Amino acid sequence: MTGAAVATALALAGCGSSGSSDAQLSVGASYMPQPVSADMAAGFLTITNKGGTKDELTSVTSDSAGEVTMHETDGGAMEEVNSFEVPAHGQLVFKSGGNHLMFENLKHRPEQGDTITLKLKFAKSGPLTIEMPVKSATYNPSTGH
Ligand code: CU
């Protein structure tokens with residue numbers, strides 16, 4: 001990717017979805033259930049790839065947490081992974097009981113109504129910055145409560 005394309009991706013990241021045809025990746029449905037302690041929190045989101053080339057989510061960072069790790073759930077056991085594929089014309093879905101982000105060493109306990117800023121880095125596309133809202137501890141995205 002050229003420097004100009006990276007700059008475009010960065011500029012677009014702040015305004016959420018869509019815009020230029022350069023932006024192949026977009027993030028939606030992000031939320032963090034309010035955690036019970038300040039030690040650890042989970043986060044969920046969906047990354048949509050409009051492009052015809054697969055990409056890879058290679059790292060997630062946040063100013064609110066010392067460390068953000070990526071986990072997949074396999075037969076009930078969770079396992080840390082170093083990257084996740086974002087398929088061409090497809091989605092990478094993080095959801096309760098499946099893939100999830102894990103926030104460790106939180107600076108303070110996130111409360112419902114807060115927003116957590118995340119930076120997502122990809123193997124091919126430029127980085128995306130997103131605002132993840134903190135929802136209630138029992139939030140269910142399919143009902144919105
Ligand atoms: Cu986990």
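Two residues are in contact when heavy atoms of theirs lie within 4.5 Å. By this criterion, and leaving aside neighbours within four places in sequence, Asp55 is in contact with Leu25, Asn49, Phe84, Glu85, Val86, Phe122, Ala123, Lys124 and Ser125. The model is a predicted one. Asp55 belongs to strand E3. Its relative accessibility is 4%, and it therefore counts as buried, the limit being under 20%. The C-alpha atom of Asp55 is separated by 6.5 Å from that of Pro87, a residue 32 positions away along the chain.

**Fold**

One helix and ten strands make up the secondary structure of the protein. Read from the N terminus, the order of elements is α-β-β-β-β-β-β-β-β-β-β. The protein has 145 residues, and buried residues make up 39% of them. Among contacts with a separation of 6 or more, 67% are between residues 24 or more positions apart.

**Copper site**

Which protein atoms are donors to the copper ion? They are ND1 of His71, SD of Met78 and NE2 of His100, at 2.1 to 2.3 Å from the ion. Along the sequence these donor residues follow the spacing H-x6-M-x21-H. His71 is part of strand E4 (residues 65–74) and His100 is part of strand E8 (residues 100–106), so this pair ties together parts of the chain that are 29 residues apart in sequence. His71 has a relative accessibility of 8% and counts as buried. His100 also counts as buried, with a relative accessibility of 8%.

**Nonpolar core**

The largest nonpolar core contains 29 residues. Ile47, Leu57, Leu101, Phe103 and Leu118 are the residues with the most contacts inside it. At least two residues of this core come from each of the following: strand E1 (25–33), strand E2 (40–49), strand E3 (55–62), E4, strand E6 (84–86), E8, strand E9 (115–122) and strand E10 (128–135).

How many cavities of 30 Å³ or more does the structure hold? It holds one. The volume of the largest cavity is about 30 Å³. Its lining consists of Ser64, Leu106, Lys107, His108, Pro110 and Ile116. By residue class, the lining divides into three nonpolar, two polar and one charged.

One of the lining residues, Lys107, is placed in the loop between E8 and E9. Is Lys107 buried or exposed? Its relative accessible area is 58%, and Lys107 is therefore exposed, as the limit is over 50%. Not counting residues up to four places away in sequence, Lys107 touches Asp63, Ser64 and Ala65. Ser64, one of these, also lines the largest cavity. Asp63 and Lys107 are 44 residues apart along the chain, with their C-alpha atoms separated by 8.4 Å.

**Thr117**

Thr117 is located in strand E9. With a relative accessible area of 30%, Thr117 is partly exposed. Apart from neighbours within four places in sequence, its contacts are Thr61, Ser62, Asp63, Thr129, Ile130 and Glu131. Ser62 and Thr117 are 55 residues apart along the chain, and their C-alpha atoms are separated by 5.9 Å.

| Residue pair | Separation along the chain | C-alpha separation |
|---|---|---|
| Asp55 and Pro87 | 32 residues | 6.5 Å |
| Lys107 and Asp63 | 44 residues | 8.4 Å |
| Thr117 and Ser62 | 55 residues | 5.9 Å |

**Positive phi angles**

Ala29 is not a glycine, yet has a positive phi of about 55°. Ala29 lies in strand E1 and counts as exposed at 58% relative accessibility. Asn105, likewise not a glycine, has a positive phi of about 50°. Asn105 sits in strand E8, and with a relative accessibility of 54% Asn105 counts as exposed.

Note on methods:
Residues numbered from 1 in each chain as written. Predicted model: local features only at pLDDT ≥ 70, side-chain atom pairs only at ≥ 80, totals over all residues. Heavy atoms only, no water. 1 Å grid on protein atoms, 1.4 Å probe; cavity = no way out; pocket = protein on both sides within 12 Å on 5 of 7 lines; lining within 4 Å. Points joined across faces, edges and corners; volume = space filled by probe spheres on them. Nonpolar A, V, L, I, M, F, W, Y, C, P; charged D, E, K, R; others polar. Donors = N, O, S within 2.8 Å, 3.2 Å for Na, K, Ca; no water. Helix = DSSP H or I, 4+ residues; strand = E, 2+ residues; numbered from the N terminus. Buried < 20%, exposed > 50% of the residue type's maximum accessible area, 1.4 Å probe, protein only. Core = buried A, V, L, I, M, F, W, Y, C linked by side-chain atoms within 4.5 Å.
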